[in-house]
Amino acid sequence: MFRIIFWVFISVLITSMSSCSIEDDKVSDENAANVDEQLNVNWDLYDAYLASDLDSALFYMQKVREIAEQEDRKKWLANAYWGIAHVQNMKGLLGEATFNFLNAAKVFKEMGDLTGLANVYSNIGDVYSRVGDDKTAINFLTSAKDIFVYEGNNADKASIFRSLSIHFYRTGRYKEAEELLAVAEKAAIESKDYHWLGLVYNSLGIVHFKQKKYDAAQQYYRLTIQYADSLESGDWHKSLAYNNIGEAYFFEGRDDEAKEWLQKAILISKTGQPDLTLVQNSRNLLAQVYLKENNYQGAIALIEEGLQRFDSAVVDKSVHESLALINTALLKINEDADPSMYPEMNKMLVEYNQRLLDFNSKTSGADARLENISQQQAIQAAAEKYAYNQQLLKAAERNAKMKYAFLVPIFLLICALAYAYVAFRRNRHYKRLYSNIEQILNKSKALRHLPKN
């Protein structure tokens with residue numbers, strides 16, 4: 001009877017434990033699903049705002065980082081650091097972007113995600129490139145390249161070799177740039193990635209353009225157009241190539257051909273979401289052709305149409321060039337204008353001069369701020385901050401270990417006391433045993449003659 005009761009009790013206990021375990025697993029799965037949903041929702045909101053509202057995009061990516069840190073989701077955390085850095089890079093906050101890119105690189109490295117690490121190194125290289133630090137940029141891009149050679153796919157290789165080439169042709173090392181682009185071209189062809197293949201050919205065109213080999217440059221630009229036709233949306237690639245072909249003709253002095261290609265570049269930009277700076281460069285080049293033809297009114301109308309698409313707060317080199325060209329056109333009109341038109345012309349000239357002054361004050365204000373802490377200094381400070389944080393982290397880990405170091409001698413002392421106590425008890429036992437034996441020997445007449453030792 002007792003055995004039956006015992007086994008029934010054990011069965012009930014095991015069943016209850018199993019049900020608790022299943023219930024815990026259900027709760028754990030529900031929590032994980034809830035966390036996944038939160039992460040995905042915030043990431044989708046980040047994507048939705050990235051093109052239109054960078055501040056909102058940054059807010060939602062910071063939410064992703066907070067959740068990922070709380071739930072110890074390493075992959076989400078690495079991507080969140082990357083997403084934050086990407087927005088900061090777009091906003092021109094290069095120091096903050098570098099700091100978060102480095103944090104992303106650290107997490108990717110801890111996870112053993114070499115492809116993610118290489119992508120981050122490439123991004124950091126681009127940041128240093130923006131401030132003209134080609135040496136550091138090349139170091140990071142080379143690190144990315146070394147990983148992609150073994151871990152990346154052909155599209156990754158095409159991307160990184162092209163990025164490296166930009167720094168070489170920017171510094172006049174054209175032969176080395178061409179060698180890198182040859183590797184990038186081969187990788188892009190093998191991957192059948194026409195996006196990167198088109199950009200590789202565009203870069204080869206720029207290398208030849210910078211050496212004033214205009215015919216060779218145009219041949220590569222035309223290849224960019226050819227492969228843009230293979231893309232689902234190749235308008236940006238075409239706009240880039242049209243602009244560059246027009247620029248090559250312009251510097252060759254072939255104004256009619258330049259005008260034709262620049263007009264194509266402007267026309268294609270009127271659909272989709274164009275690169276405003278690229279399109280304004282096309283307008284500025286075409287306006288210079290109009291100025292040569294004494295078509296001053298046409299030049300002003302062309303540039304003004306482009307300026308209306310820029311935010312008034314934007315500080316962009318192409319905008320400065322546009323305002324300067326408008327002033328040049330107005331001065332030319334004023335030279336030959338009827339005296340009755342002078343008041344109107346002077347009014348326009350004053351208006352555009354004021355806009356140019358306002359623009360220059362914005363850029364000079366930016367320059368003044370950069371004198372106090374330049375973008376290069378900000379990036380360097382971010383790198384030092386990251387290194388310092390890593391040192392603090394290691395010190396904290398050492399301190400955590402040292403907190404328990406004092407327990408070691410105490411433990412050893414306790415062991416020694418325990419050993420001494422055991423030895424004392426054992427010796428006392430032996431002494432009592434010897435005493436009993438001696439008493440037996442003394443009491444026994446038959447054994448008294450035996451030695452006691």
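The structure is a predicted model. Two packed helices are described by the angle between their axes and the distance between the axes. The pairs treated here are H5 with H6 and H7 with H8.

**Helices H5 and H6**
- Helix H5 covers residues 114-130 and helix H6 covers residues 134-151; their axes come within 8 Å and cross at roughly 155°.
- Angles over 145 degrees count as roughly antiparallel, and H5 and H6 are therefore roughly antiparallel to each other.
- The crossing of this pair, H5 and H6, is left-handed.
- Residues of H5 that meet H6 include Leu 117, Tyr 121, Ile 124 and Tyr 128, while those on the H6 side include Phe 140, Leu 141, Ile 147 and Phe 148.
- The contact of H5 with H6 comprises twelve nonpolar, seven polar and two charged residues.

**Helices H7 and H8**
- Helix H7 (residues 154-170) packs with helix H8 (residues 174-191) at an angle of about 165°, and their axes are 8 Å apart.
- H7 and H8 are therefore roughly antiparallel to each other.
- H7 passes H8 in a left-handed crossing.
- Among the H7 residues in this contact are Phe 161, Arg 162, Leu 164 and Phe 168; H8 contributes residues including Tyr 174, Leu 180, Leu 181 and Val 183.
- By class, the contact of H7 with H8 holds 14 nonpolar, three polar and four charged residues.

**Helix H3**
- Helix H3 (residues 74-90) has 17 residues, which at 1.5 Å a residue should span 24 Å; its end C-alpha atoms are 24 Å apart, in agreement.
- Buried residues in H3 include Leu 77, Tyr 81, Ile 84, Val 87 and Gln 88.
- Just after H3, Gly 92 adopts a positive phi of about 85°.

Terms used. Residues numbered from 1 in each chain as written. Predicted model: local features only at pLDDT ≥ 70, side-chain atom pairs only at ≥ 80, totals over all residues. Heavy atoms only, no water. Axes fitted to C-alpha atoms, helices over the stretch in contact; angles between N-to-C directions. Helix = DSSP H or I, 4+ residues; strand = E, 2+ residues; numbered from the N terminus. Parallel < 35°, antiparallel > 145°, perpendicular 65-115°, else oblique. Left-handed = near helix turned anticlockwise from the far one by under 90°. Contact = heavy atoms within 4.5 Å. Nonpolar A, V, L, I, M, F, W, Y, C, P; charged D, E, K, R; others polar. Expected span 1.5 Å × (residues − 1). Buried < 20%, exposed > 50% of the residue type's maximum accessible area, 1.4 Å probe, protein only.
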